[in-house]
Amino acid sequence: MNDRQSHQAPHYPFTAIVGMDDLRLGLLLNAVSPAVGGVLVRGEKGTAKSTAVRALSSLMPQVQVVSGCRFSCAPSAPDPGCPDGPHERDGGSQRQTRMVELPVGASEDRLVGALDIERALAEGVKAFEPGLLADAHRGILYVDEVNLLHDHLIDLLLDAAAMGASYVEREGVSVRHAARFLLVGTMNPEEGELRPQLLDRFGLTVEVAASREPEQRVEVVRRRLAYEDDPAAFAVRWEGQEAALRERITAARALLSQVVLGDGALRQIAAVCAAFEVDGMRADIVMARTATALAAWAGRSGVLKEDVRQAALLALPHRRRRNPFDAPGLDEDLLDRILDEFEDEPEPDDPNPDGDGPEGSEPEDDGPDGGGGDGGGGDGGGIPPQGDAPPGELPAEHPPSPQSPSEPAPADSPRAQSEPAEQAPVRAAAPFRAKALSVPGLGEGAAGRRSRARTAHGRTTGAHRPRGQLTKLHLAATVQAAAPHQHARGRSGPGLVVRREDLRQAVREGREGNLVLFAVDASGSMAARKRMGAVKGAVLSLLIDAYQRRDKVGLISFRGSTAELALPPTSSVDAAAARLEQLPTGGRTPLAAGLLRAHEVLRLERLRDPSRRALLVVVTDGRATSAATGAGPGAGGDARGLAGRAARLLNAAGTASVVVDCESGPVRLGLAAELARDLGGTAVTLDGLRADSIAGLVKDVQGSHRTANRRAA
């Protein structure tokens, strides 16, 4: 044992985790039947998500691998296309199931592997260094903060998960290897949601939340502190519990192939999926596999109605979302009615009617700390344990994760006392598909789907000498650079003599994600004209568009005499939608204050993330009836002049902007168009935001500039 291994602390024991019944059950079902398809763990920070996943690897059975194979081929059935093959059939060696972590900031080469293009061209050798997908083959691939993973990595992950193999291609040179793994992801929904395609790839999803019971929180802290004081001693105290659970998993795996999924259970599964209108057939298949794994876990040879019910609660909530702001969930009353309606066949014979688990396995006893065998402390929380139930048994009810809605300004604040009483928040109108708005020019920000940018993926637009390691070869430019020197280099055969100085890096152009900052007029004039519902519907539509284009978003509201940053820039479009829904209205219109607040927010964001370009969306009718706070005496009468100066300040800073004109009625003042000119942007009406509207001709924020230039010519 080397020094690094000797100093490596053991993982927190799985059986020492307090409560978290759904989380533990979801992970254990995947340990019993990897065909379930992995699990997505959603929850607030500090709820033992990562701790539980890391603890799972020590419970997984060992795997037999070909000795010396970097791709973990099985000796009994080695991959015929393995880059390290062909393999001779032998006994191989055993090792512990690997848990491979995919960092959020990992590169493409780190994920799929690196191919040495220089050696491939010059020597004809496929020099391939395996990536994380190869390491995870026949093991667990764990992605912490999976919702923050870059789009191109998600695409590669989806391809490997769907095909069970990874392909690495570099200018015609390709390598393929097997990549079948258990996909486990954790995420905090406050930081943004996942793309629907990746959501569907997770077989199960579970919601976790910290316990609100003081005694349970005390037990969490007690065990966590004991683990941190002496990890090795703490692990020894729980080794008996771990061994018993490991044996139960092994017994359930052995029983799995004997479990009968009857026609009655299949009809219930099909009826549930149809009633809840889930897309595609993957949900039916995952439910069937999960129900079978539940029966094996309980030590039964037949699937019961309660297995189908529990499978639905784990496999369907994340597949029912119809837009980015739908919270995952399931109507349990409807679920029970469907199951009762299709319960038309007798249940299969049960060799173990007491449901005590597979033969030779026993429920875990109370743990060393006297807190129950299913307890334990992760990284900060747990739900109350359910008596002496074995790890994975479910409580009777599953309370939804608590939400944290934003609160309006207190009614007794100075601002509220000096302004007319605020009106109740107005519900947003139905969203629509919004036109694409983009930032002009060519950026270099994070990969996304909004504005043009130099990216690692996209169409090739040029080539240059590589600065550092070559990542994307421009083959034609490389050949062109090497061709004039072939005679001098003594070329005698058909091969091309290529040297490092000949290599050219491809320059590619794709799309980037931007920061979309909304500045919304919430003054009384908006509510008085019954426009706030339509305005919120338009902003909600733009938020959905921002979610699909992988943008960060922020929200400023201005009314009365001040502007408030209702939501600092974040990747959580859901949070922005929640703040928007609860946005109060009333008071005068401090347009200048809203613009100045936007200028300050964007200035700070440029310091934090210089590569992410911003798009300011001002939603207003252009009226300004209140000067900015702190503008000085006598400024109130020149509110429009101050707003113009604030707009020109944003223009001078190079801020790309769009003004959504909310003015309505037969008589229009055109103030929003004047504001757009001061901002150096463009104005678009609410109707013009619709992608299917002939009134909206704006494709990007430079449209007005091009029109003005043509008229001047």
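Two cavities of 30 Å³ or more were counted. The largest is lined (an atom within 4 Å of a point) by Lys435, Leu437, Arg450, Val516, Phe518, Leu542, Asp545, Leu615 and Val617. At least two lining residues each come from strand 14 (515-521), helix 19 (532-548) and strand 17 (614-620). Six lining residues are nonpolar, three are charged and none is polar.

Residues are numbered from 1 along each chain as its sequence is written. For this predicted model, local features need pLDDT of at least 70, side-chain atom pairs count only at pLDDT 80 or more, totals for chains, interfaces and linings use all residues, and side-chain values use heavy atoms, without hydrogens and water.

Helix 14 (residues 305-315) is mostly covered, with eight of its eleven residues buried (under 20% relative accessible area, 1.4 Å probe, protein chains only). Among the elements covering these buried residues are helix 2 (21-32), strand 11 (204-208), helix 12 (263-275), helix 13 (282-297) and helix 15 (332-341).

Helix 22 (residues 639-652) and helix 23 (residues 671-679) pack at an angle of about 40°, with their axes 7 Å apart. The two helices are therefore oblique to each other. Their contact (heavy atoms within 4.5 Å) involves residues including Arg640 and Arg648 of helix 22 and Glu674 and Asp678 of helix 23.

Notes:
Buried means under 20% relative accessible area, exposed over 50%, partly exposed in between (1.4 Å probe, protein chains only). Helices (H or I, at least four residues) and strands (E, at least two) are DSSP runs, numbered from the N terminus. Axes are lines fitted to C-alpha atoms, for helices over the stretch in contact, and angles run from 0 to 180 degrees between N-to-C directions. Angles under 35 degrees count as roughly parallel, over 145 as roughly antiparallel, 65 to 115 as roughly perpendicular and the rest as oblique. On a 1 Å grid over the protein atoms alone, a cavity is a set of points where a 1.4 Å probe fits but cannot get out, and a pocket is an open set with protein on both sides within 12 Å along at least five of seven lines; lining residues have an atom within 4 Å of a point. Grid points are joined across faces, edges and corners, and a volume is the space filled by probe spheres set on the points. Ala, Val, Leu, Ile, Met, Phe, Trp, Tyr, Cys and Pro count as nonpolar, Asp, Glu, Lys and Arg as charged, and the others, Gly among them, as polar.
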